[in-house]
Amino acid sequence: MAEHEGQRESAAESLVDKITEKISGHDSSSSSDSDNEKFDAVKSKVFRLFGRERPVHKVLGGGKPADVFLWRNTKISAGVLGGATTVWVLFELLGYHLITLVCYLSIFFLAVLFLWSNTSDFLNKPPPKIPEVVLPEQCVREVASALRIEINRGFAVLHDIASGRDLKKVLAVIAGLWVLSLIGSCINILTLLYISFVLLHTVPVLYEKYEDQVDAYSEKTWIEIKKQYAVFDEKYLSKIPKGALKGEKKD
């Protein structure tokens, strides 16, 4: 009897220990969840470049294009960048023209396919399988719809700027156009597109790698820009007689 009661007591003690472990494990998991929530809240308050709240991959649109820009697949990204470099060398350094190059390539491939199709019987080889290319109507509609939305958004921004409601935006657009005019006077459109393409393949991946350092430096720079703008606004912009003009319009 004594041994039987001792076994019962040990079984009860082991059951209590298991329940205590589960409760403590639940408390630790809940505390870890709360710690993670606090960490996410603190992380969301950290200054991010351009007010970004999403990862760089999502900002670039996600999917395969973002994978190419962020070098998720080194071979594909290197191939795309190498192809763009080849095009730039052909048109910019070697002086080829687009129509001439397209015609030469078309003549070459048509000649190869014609000879292959006619000599396949003599060489005992199957003729080339030329795929049929058909452009889906739904794809064209989606591209046209997306393009229409972006164009209308651009028109809305231009209308907002031209109405003179936001002086900061007007000054930013004027400065951007002035810088673009300086760049356009130095290089042509093809070189500008190639430089932009190279920057898309280098800047995002470097920013993703050194994100915290770049954001910290950007925060300091943005604070300094705000200080300088406040001084400029106090000395010059605030002296523009906006109230008098509004009063005249009301009268």
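The end C-alpha atoms of residues 94-116 lie 31 Å apart, and this span is 83% helix and 0% strand, where helices (H or I, at least four residues) and strands (E, at least two) are DSSP runs numbered from the N terminus. Residues 170-197 have end C-alpha atoms 27 Å apart, with 93% helix and 0% strand. Both spans carry the annotation "transmembrane region" in an unreviewed UniProt entry; UniProt positions are given in the numbering used here, feature names are shortened, and annotations may be inferred rather than shown by experiment.

The model is predicted, and for that reason local features need pLDDT of at least 70 and side-chain atom pairs count only at pLDDT 80 or more, while totals for chains, interfaces and linings use all residues. Residues are numbered from 1 along each chain as its sequence is written, and side-chain values use heavy atoms, with hydrogens and water left out.

**The chain as a whole**

The chain has 10 helices and zero strands. Of its 251 residues, 11% count as buried, a word that stands for under 20% relative accessible area, whereas exposed stands for over 50% and partly exposed for values in between (1.4 Å probe, protein chains only). Among contacts (heavy atoms within 4.5 Å) with a separation of 6 or more, residues 24 or more positions apart account for 54%.

**Salt bridges**

The structure holds three salt bridges, each being a side-chain nitrogen of Lys or Arg within 4 Å of a carboxyl oxygen of Asp or Glu.

| Pair | N to O distance |
|---|---|
| Glu 208 and Arg 72 | 3.0 Å |
| Arg 141 and Glu 137 | 2.8 Å |
| Glu 150 and Arg 153 | 3.6 Å |

Glu 208 counts as partly exposed because its relative accessibility is 29%, and Arg 72 counts as partly exposed at 44%.

Arg 141 and Glu 137 both lie in helix 6, four residues apart, or about one turn of the helix. Glu 150 and Arg 153 are also separated by about one helical turn, because they are three residues apart in helix 6. An α-helix has 3.6 residues a turn, so residues three or four places apart point the same way.

How far apart are the end C-alpha atoms of helix 6? They are 37 Å apart, which agrees with the 38 Å that its 26 residues (137-162) should span at 1.5 Å a residue, the expected span being 1.5 Å times one less than the number of residues. Helix 6 is followed by Gly 164, whose phi is positive, near 75°.

**A buried residue and an exposed patch**

His 201 lies in helix 8 (residues 189-209), and it is buried because its relative accessible area is 1%. Leaving aside residues up to four places away in sequence, His 201 touches Val 68, Phe 69, Trp 71, Ser 77, Val 80 and Leu 81.

Leu 93, by contrast, lies in helix 4 (residues 74-93) and is exposed, with a relative accessible area of 56%. Together with Leu 94, Tyr 96, Tyr 104 and Ile 107, Leu 93 makes a nonpolar surface patch of about 560 Å². Patches are made of residues with over 30% relative accessible area and no salt bridge, like charges being joined within 9 Å and nonpolar side chains (Val, Leu, Ile, Met, Phe, Trp, Tyr) within 5 Å.

Notes:
Areas by Shrake-Rupley, 256 points an atom, 1.4 Å probe, with all protein chains shown as cover.
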